[in-house]
Amino acid sequence: MTLVKMSIAAAVTVWLTGCAGNMGVPLQEHAAVLDNAEQAKQALSQASNCCAGFNEFQYANLPEGETLLSLDGKQPSYRFDEGMSYFAAYRLPKDTGNLYIRLASQVGKTVLQPKVIMLDANFKVTRVLGASVFAYQPAHLMDADRIEGKVFVDRSMPGNPASETYMVVYAPADQLSGSTTILHPAKAFARANNTVEPNIKDPVIPHSPWGLVQIVVTDMAKAQGIEAVFKPEYADKVAMSQGQQAAGVAATTAVATSTALVATAPSKPAPAMLSETEAFYQSQIEKAVKAGDIDKAMQLVNEAERGGSTRAKSVFVDAVKKSQK
């Protein structure tokens, strides 16, 4: 019997079963976390405040790639501005380019309405991301129903203590009395098959202080092949002594510079580079030439051009000319 000939109820059952085997998040393994909102609220009512402030949180290292956060009574609790909540605290990956973080709170019998606090290296709040960022998304392909948000972390100033360093995820107490209406599976099935949607009420899912949150971290620089630019060895390299800066080395290398750069130039034009990143490359190229490390300077030029720089080559040439005076 084909799906078209089945009743709506049977079709929905097959549709759900088929999706369950392909889910990116193992919901069944964590069913207890998404089972009973009242039980979770009762547990929270007996929870105690773990810490005096954000600086006392225990921050786990957040790796690149996927992390599955099971937020329940086993996690610490803290009295945020909205009230007491269970939370998870993370230290963001170090020595990366800009980060793209996707957080997806999974829907079961309950759902956690997430809120995120971003902190700098001194545990000062830089941003608070709530309902304006996190919104319901219906099931699609390998993604189940979820409340999802995306966070971009700027890493254009490596080593700056004001850069965002920590992330805290929790369910704000003022959202626990609310609910989220999700798309009924029968309607989703009808949309996927271009048929008439049945007249069925959409399920209303109560909010809970417990939840299952999928966190996916992507290093945007690594995805573009320029991740090494943001690692500290470039900025922290000790300058070579004056005795090692042989003028003959710079002069000889300068002769071959144009040929080497042309041979390694990118085959496709890259998107325009941010002015802050351009300035970072310029300072590192000049520093490398001044230290007599021409090979490193040329590598920086190539990396900068792959990332969209239009000035790296001219900065290198000018720096070599200055070193020969």
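Cys 51 is buried, at a relative accessible area of 14%; buried means under 20% relative accessible area, exposed over 50% and partly exposed in between, with a 1.4 Å probe and protein chains only. Cys 51 pairs with Cys 50 in a disulfide. This is a predicted model, in which local features need pLDDT of at least 70 and side-chain atom pairs count only at pLDDT 80 or more, while totals for chains, interfaces and linings use all residues. Residues are numbered from 1 along each chain as its sequence is written, and side-chain values use heavy atoms, with hydrogens and water left out.

**Overall build**

- The protein holds 9 helices and 13 strands. Helices (H or I, at least four residues) and strands (E, at least two) are DSSP runs, numbered from the N terminus.
- Of its 325 residues, 43% count as buried.
- The accessible surface is about 17200 Å², and carbon and sulfur atoms hold 54% of it. Areas come from the Shrake-Rupley method with a 1.4 Å probe; for residues, only the protein chains shown count as cover.
- Among contacts with a separation of 6 or more, 76% join residues 24 or more positions apart. Contact means heavy atoms within 4.5 Å.

**Disulfide**

- The structure holds 1 disulfide, a term for a pair of cysteine sulfur atoms within 2.5 Å.
- The sulfur atoms of Cys 50 and Cys 51 are 2.5 Å apart.
- The torsion about their S-S bond is about -100 degrees, so the disulfide is left-handed.
- Cys 50 is partly exposed, at 36% relative accessibility.

**Nonpolar cores**

- The largest nonpolar core has 34 residues. Such a core is a set of buried Ala, Val, Leu, Ile, Met, Phe, Trp, Tyr and Cys residues joined through side-chain atoms within 4.5 Å.
- Ile 101, Leu 103, Met 167 and Ile 215 touch the most other members.
- Elements giving two or more residues to this core include α2 (37-45), β4 (83-91), β5 (99-106), β10 (164-170) and β13 (211-219). The largest share, 4 residues, comes from β4.
- Beyond its neighbours within four places in sequence, Met 167 contacts Leu 62, Leu 92, Val 116 and Met 118, among others. Ile 101, Leu 103 and Ile 215 are also among its contacts.
- A second, separate core has 15 residues, including Met 273, Tyr 281, Ala 312 and Phe 316.

**A buried loop residue**

- Ala 171 sits in the loop between β10 and β11 (179-181). Its relative accessible area is 3%, so Ala 171 is buried.
- Ala 171 and Pro 209 are 38 residues apart in sequence, yet 5.5 Å apart in space, C-alpha to C-alpha.
- Leaving aside neighbours within four places in sequence, Ala 171 contacts Ser 85, Tyr 86, Leu 112, Gln 113, Leu 176, Ser 208 and Pro 209.

**Salt bridges**

- There are 11 salt bridges, each a side-chain nitrogen of Lys or Arg within 4 Å of a carboxyl oxygen of Asp or Glu.
- Asp 35 bridges to Lys 109, with the closest N and O atoms 3.1 Å apart. Asp 35 lies in the loop between α1 (8-20) and α2 and Lys 109 in the loop between β5 and β6, so the pair ties together parts 74 residues apart in sequence.
- Asp 35 is partly exposed at 36%, while Lys 109 is exposed at 57%.
- Arg 127 bridges to Glu 164, with the closest N and O atoms 2.7 Å apart. Arg 127 lies in strand β7 (residues 125-129) and Glu 164 in strand β10, so the pair ties together parts 37 residues apart in sequence.
- Arg 127 is partly exposed at 28%; Glu 164 is buried at 12%.
- Arg 146 bridges to Asp 143, with the closest N and O atoms 4.0 Å apart. Shared partners join Arg 102, Asp 143, Arg 146, Glu 148 and Lys 150 into one salt-bridge network.

**Aromatic pairs**

- The count is 14 aromatic pairs. Rings of Phe, Tyr and Trp (its six-membered ring) pair if their centres lie within 6.5 Å; planes under 30 degrees apart count as stacked, over 60 as edge-to-face and the rest as tilted.
- Phe 80 and Phe 87 have ring centres 6.0 Å apart and planes at 80 degrees, so the pair is edge-to-face. Phe 80 is buried at 6%, and Phe 87 is buried at 2%.
- Phe 123 and Tyr 166 have ring centres 4.7 Å apart and planes at 15 degrees, so the pair is stacked.
- One aromatic cluster includes Phe 54, Tyr 78, Phe 80, Phe 87, Phe 123 and Tyr 166.
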